[in-house]
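Here's a quick briefing to keep beside the structure. Have a look at the sequence and the fold, then go through the points below.

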Amino acid sequence: MSEPVWMLEDLDDEVYEGERPNDVSQNDAEDHLEHIRKIRWELERELEHAARQREKVDRFVELRKESAQKKINYHEACLMRYLESHGETSMNMINGRLRTYKGRMGVDILDEKLVSEEFYKAGKPKISKTLIADHIKTTGEIPDGVDWVRGDDSFKVTLIDAPELTESQKAEVRKNDIDF
C-alpha cells in the first residue's frame, strides 16, 4: 500500500495534550477529518508491520521449540538406554530422577452393539468401561465388542535444580575457601 499524499502539516504532540478549541470552522473541521484519516492510515500500517514481525517471532519460536525437543528426545533416549542397560525401572541420580512407567491396561470399545446390557451404566445408555474392566479382572473373560489393551509405556525425567548459594557461601567461593 503506497502512502497517500497528505496536505496537512503534522501537529506537535503538545497540541493533543492541551485544551480543545472552542471555535472550529468548517475548514478546521475538514482538516480534523484529514488528520483522523492520516492517523488511522498510519496506525493500520504500524499494526500490519507488527503482525508481520509477530509472524516472524512465532516462526522463530516454533523452530526453537522443535530444535530443543529434538535434542531433548536424543538425551532422553540415551537415558532410557542407560536405565535399561542396568535393568532398572527407576534411578535417582545427582542431577535428577529417571523413571519408566508400563502402560496401563484399559478397555477399548470395538463395537457398542455387541456389548452386553450388563455393562451399561445404571439408568443411562452409556457403556461403563469400569464395569467391563472389573469383569475382565475378576473373570479373565473379555466380553464381545471390546478389547483389553495395554497403553503406551512412558518415560519421565525429573530434573533437580541446584539450590541457590547464600551470600556467605558465594563469598567463600569467590575467596576460594571452599574446595569443589
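Start with the second largest pocket, whose lining is made up of Met80, Glu84, Glu88, Thr89, Thr100, Tyr101, Lys102, Asp153, Ser154 and Phe155. Two or more of those lining residues come from each of α2 (26-85), β2 (96-101) and β5 (154-159). Bear in mind that this is a predicted model.

**The pocket**

- The second largest pocket comes in at a volume of about 190 Å³.
- Sorted by class, its lining holds four charged residues, three polar ones and three nonpolar ones.
- Glu84 is one of the lining residues, and the side chain of Glu84 also has a salt-bridge partner, Arg81.

**Salt bridges**

- How many salt bridges does the count come to? The tally is two.
- Glutamate 84 pairs with arginine 81, with an N to O distance of 3.8 Å. With the cut-off for a salt bridge set at within 4 Å, that distance qualifies.
- Both glutamate 84 and arginine 81 sit in helix α2, three residues apart, or about one turn of the helix.
- Is arginine 81 buried or exposed? Arginine 81 is exposed, because its relative accessible area is 60% and the exposed class covers values over 50%.
- Glutamate 34 bridges to arginine 37, and here the closest N and O atoms are 2.9 Å apart.
- Glutamate 34 and arginine 37 are three residues apart in helix α2, so about one helical turn separates them.
- Arginine 37 has a relative accessible area of 52%, so it counts as exposed too.

**A nonpolar patch on the surface**

- Leu11, Tyr16 and Ile39 make up a nonpolar surface patch, and together they have about 260 Å² of accessible area.
- With a relative accessible area of 44%, isoleucine 39 is partly exposed.

**Serine 90**

- Where does serine 90 lie? Look in strand β1, which spans residues 90-92.
- Serine 90 is partly exposed, with a relative accessible area of 22%.
- Serine 90 and valine 157 are 67 residues apart along the chain, and their C-alpha atoms are separated by 9.8 Å.

Definitions and conventions:
Residues numbered from 1 in each chain as written. Predicted model: local features only at pLDDT ≥ 70, side-chain atom pairs only at ≥ 80, totals over all residues. Heavy atoms only, no water. 1 Å grid on protein atoms, 1.4 Å probe; cavity = no way out; pocket = protein on both sides within 12 Å on 5 of 7 lines; lining within 4 Å. Points joined across faces, edges and corners; volume = space filled by probe spheres on them. Helix = DSSP H or I, 4+ residues; strand = E, 2+ residues; numbered from the N terminus. Nonpolar A, V, L, I, M, F, W, Y, C, P; charged D, E, K, R; others polar. Patch = residues over 30% accessible without salt bridge, like charges linked within 9 Å, V, L, I, M, F, W, Y side chains within 5 Å. Areas by Shrake-Rupley, 256 points an atom, 1.4 Å probe, with all protein chains shown as cover. Buried < 20%, exposed > 50% of the residue type's maximum accessible area, 1.4 Å probe, protein only.
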